[in-house]
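Me: Can you walk me through this one? I'd like to start with the charged pairs.

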Amino acid sequence: MSQIITNEINERRHRVIIDRHELKRIIAAAICSQLGIKPGAPGQTMDFKFQDEMEGSPGYKVGVGCIVDIVEDLLPQPQAAA
């Protein structure tokens with residue numbers, strides 16, 4: 001889970017540190033919800049590419065973006081015999 005740090009001095013501040021694995025889970029859940037598909041379904045693969053976002057000239061880093069490629073295998077998967 002994320003690391004949460006809380007400080008109080010006449011105001012309360014919270015800092016949440018999210019690692020890349022949790023970011024992937026959060027992004028996957030949001031995208032699957034938007035597409036109406038189940039995350040981690042059989043035959044489904046997701047590829048995440050995190051990249052720096054740049055602005056200005058000369059360019060300077062302003063954040064990080066993520067490109068997600070989702071592939072769904074639409075052919076029925078053979079079921080194992082019970």
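Reply: First, a definition. A salt bridge is a side-chain nitrogen of Lys or Arg within 4 Å of a carboxyl oxygen of Asp or Glu. Keep in mind that this is a predicted model.

Me: Why would such side chains pair up at all?

Reply: Side chains of opposite charge can pair when their charged atoms come close.

Me: OK. How many salt bridges are in the whole structure?

Reply: A search turns up four. One of them links Lys-49 with Asp-69, with 3.5 Å between the closest N and O atoms.

Me: Where do Lys-49 and Asp-69 lie?

Reply: Lys-49 is in strand β3, and Asp-69 is in strand β4 (residues 60-72). The pair therefore ties together parts that are 20 residues apart in sequence. Salt bridges with shared partners join Asp-47, Lys-49 and Asp-69 into one network.

Me: What distance goes with the Asp-47 and Lys-49 salt bridge?

Reply: Their side chains meet at 3.0 Å, N to O. Asp-47 is partly exposed, at 37% relative accessibility. Lys-49 is partly exposed too, at 40%, and Asp-69 is partly exposed at 39%.

Me: Which side chain does Glu-11 meet in a salt bridge?

Reply: Arg-13, at 2.6 Å, N to O. Glu-11 is partly exposed, with 43% relative accessible area. Arg-13 has 57%, so Arg-13 counts as exposed, the cut-off being over 50%.

Me: Which residues of α1 are buried?

Reply: Glu-22, Ala-28 and Cys-32. They cover an arc of only 125 degrees around the axis, so they sit on the same side of α1. The buried residues pack against β3 (44-55). On the other side of α1, Arg-20 and Gln-34 are exposed.

Me: And Ser-2, buried or exposed?

Reply: Ser-2 is buried, because its relative accessibility is 16% and the cut-off is under 20%. Ser-2 is in the segment before β1 (3-8). Leaving aside neighbours within four places in sequence, Ser-2 touches Val-16, Ile-17, Ile-18 and Glu-22.

Me: Last one. Which residues form the nonpolar patch on the surface?

Reply: Ile-4, Val-16, Ile-18, Leu-23, Ile-26, Phe-50 and Val-64. Together they have about 580 Å² of accessible area. Val-16, in strand β2 (residues 12-17), is partly exposed at 46%.

Notes: Residues are numbered from 1 along each chain as its sequence is written. This is a predicted model: local features need pLDDT of at least 70, side-chain atom pairs count only at pLDDT 80 or more; totals for chains, interfaces and linings use all residues. Side-chain values use heavy atoms; hydrogens and water are left out. Patches are made of residues with over 30% relative accessible area and no salt bridge: like charges are joined within 9 Å, nonpolar side chains (Val, Leu, Ile, Met, Phe, Trp, Tyr) within 5 Å. Accessible areas come from the Shrake-Rupley method with a 1.4 Å probe; for residues, only the protein chains shown count as cover. Helices (H or I, at least four residues) and strands (E, at least two) are DSSP runs, numbered from the N terminus. Buried means under 20% relative accessible area, exposed over 50%, partly exposed in between (1.4 Å probe, protein chains only). The arc is that of the directions from the helix axis to the C-beta atoms. Contact means heavy atoms within 4.5 Å.
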